[in-house]
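Subject: Handing over a structure, with notes

Dear colleague,

I am passing on to you the structure shown just below, and under it you will find my notes on what was found. Please keep it open beside the text as you read.

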Amino acid sequence: MNQRISLWAAAIAVVFVMTSARAWQDAPKAAAPSPSTTAPAQSTTVQPPAGATVTHFHHLHLNATDPAADIAFYTTKFDAEKGRFAGLMDAVWAQKSWMLFNKVSAPPMANVTSAIWHFGWGAEDMQATYQKQLDAGTRFSTPITPLGPGFFFAYVQGPDNAIIELNTAQHHHFGHIHMLSLDAVKAGEWYVKWFNASGRFTREVRMIREFPVSPSASLMIDNVNLIIFPVTYARVQWPELWKDRQDFESSKGHVVDHLGFSVDNLPEFLEKMRKDGVKVTDEIKSAAGGKIKYAFIEGPDHVRIELVEGHATKE
């Protein structure tokens with residue numbers, strides 16, 4: 001399937017990123033949608049429950065046919081640096097969290113059939129950044145596109161067809177992960193409950209042209225904006241891919257394989273989740289001589305999630 005994203009559909013994503021609650025807090029607002037769009041729906045602010053376990057965003061884990069080439073790509077194209085994770089593997093450090101890479105023998109699935117759609121970075125001067133990327137040979141699936149005075153976005157075609165967004169912001173850091181869901185608000189409530197997310201829910205249906213962009217959730221977990229759109233967006237954006245599809249596939253095996261979150265006490269936290277009905281897919285294991293303890297669970301919409309004991313630090 002062609003992974004190119006229509007300019008209008010991409011614009012929707014950027015509008016949502018830049019108007020998200022607390023999205024880097026000082027990020028500039030996007031230009032208002034055109035008069036043909038509906039008025040913004042009312043939203044509800046949410047905070048983690050009192051007494052919630054301290055958790056943090058830990059990593060984004062990608063499947064890669066050439067991990068070394070991926071690391072070179074992300075550390076030369078974006079604000080990120082090469083590091084060594086737990087003494088086990090070369091990786092990418094992006095401000096407060098890791099990008100990890102699992103070597104695969106064949107290109108991973110890149111169609112938007114898992115709930116993880118794309119991830120992205122900001123750019124203070126988007127026009128200059130875009131030109132610099134072009135000069136460096138970066139390929140774009142969506143070229144630079146204006147949304148309003150001084151506001152632009154583009155989609156980079158990443159290794160193994162990963163979709164990477166660049167958009168105008170008051171920072172140039174790793175900034176967001178954009179997801180889809182059968183029930184975006186319910187999924188958002190789950191991330192608020194378990195991973196200290198805060199932000200907003202929009203419960204009414206909202207359309208921008210033919211694209212449904214809510215009910216939705218926009219949440220901050222540390223410095224990462226987790227944005228969740230309804231599955232109806234996917235059905236409009238990729239009709240052939242979704243015409244006979246009722247649910248998302250597991251993200252396992254896709255170019256973005258899973259998300260990672262860290263906790264202080266993994267056995268205690270995992271047992272708490274299990275008792276609450278969360279599906280544990282892989283029990284606790286250890287690596288690096290016991291230095292790393294980890295387990296896997298299944299999140300909303302079959303998103304694969306790794307739980308790691310101990311918070312992310314650059315080595």
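Helix H7 (residues 266–275) has as its buried residues Leu266, Phe269, Leu270 and Met273, where buried means under 20% relative accessible area, exposed over 50%, and partly exposed in between, with a 1.4 Å probe and protein chains only. Seen down the axis of H7, these buried residues fall within an arc of 95 degrees, so they line one face of the helix; the arc is that of the directions from the helix axis to the C-beta atoms. On the face turned away from the buried side, H7 carries the exposed residues Glu268 and Lys275. Helices (H or I, at least four residues) and strands (E, at least two) are DSSP runs, numbered from the N terminus.

The buried residues of H7 pack against H4 and against several strands, including E2 (55–64), E14 (256–263) and E17 (304–309). At the start of H7, a side-chain oxygen of Asn265 reaches to within 3.0 Å of the backbone nitrogen of Glu268, and just after the helix Gly277 takes a positive phi of about 95 degrees.

**How to read the model**

This is a predicted model, in which local features need pLDDT of at least 70 and side-chain atom pairs count only at pLDDT 80 or more, while totals for chains, interfaces and linings use all residues. Residues are numbered from 1 along each chain as its sequence is written, and side-chain values use heavy atoms, with hydrogens and water left out.

The average pLDDT of the protein (the predictor's confidence in each residue, from 0 to 100) is 88, and 87% of the residues score at least 70. Please be careful with residues 1–12, over which the pLDDT is below 50, although this stretch has 39 contacts in the model beyond near neighbours in sequence. The pLDDT is also below 50 over residues 14–39, a stretch with 66 such contacts; contact means heavy atoms within 4.5 Å.

**The protein as a whole**

The secondary structure comes to seven helices and 17 strands, and buried residues make up 55% of the 315 residues. Of the contacts with a separation of 6 or more, 71% are between residues 24 or more positions apart.

In soluble globular proteins, nonpolar side chains tend to be buried together. Here the largest nonpolar core has 81 residues, and those with the most contacts inside it are Tyr74, Phe119, Ile177, Tyr191 and Phe195. Helix H4 (residues 184–195) gives the most to this core, with eight residues. A second, separate core of nine residues includes Phe85, Ala91, Trp93 and Ala312. A nonpolar core is a set of buried Ala, Val, Leu, Ile, Met, Phe, Trp, Tyr and Cys residues joined through side-chain atoms within 4.5 Å.

His59 is found in strand E2 and is buried, with a relative accessible area of 1%. The side chain of His59 makes a polar contact with the side chain of His258 (3.2 Å) and another with the side chain of Glu306 (3.0 Å). A polar contact is a pair of N or O atoms within 3.5 Å; within protein, one must be able to donate a hydrogen and the other to accept it, and residues adjacent in sequence count only if both atoms are side-chain atoms.

Thr113 is found in the loop between strand E5 (97–103) and strand E6 (116–123), and is buried at a relative accessible area of 3%. Not counting residues up to four places away in sequence, Thr113 touches Trp242, Phe248 and His254, among others.

Ala162, in the loop between strand E8 (151–157) and strand E9 (163–168), is buried as well, with a relative accessible area of 2%. Ala162 and Val256 are 94 residues apart in sequence and 7.5 Å apart in space, C-alpha to C-alpha.

**Backbone details**

A cis peptide bond, with omega about 10 degrees, joins Ser214 and Pro215. Ala288 has a positive phi of about 55 degrees although it is not a glycine, and lies in the loop between E15 and E16.

With best wishes
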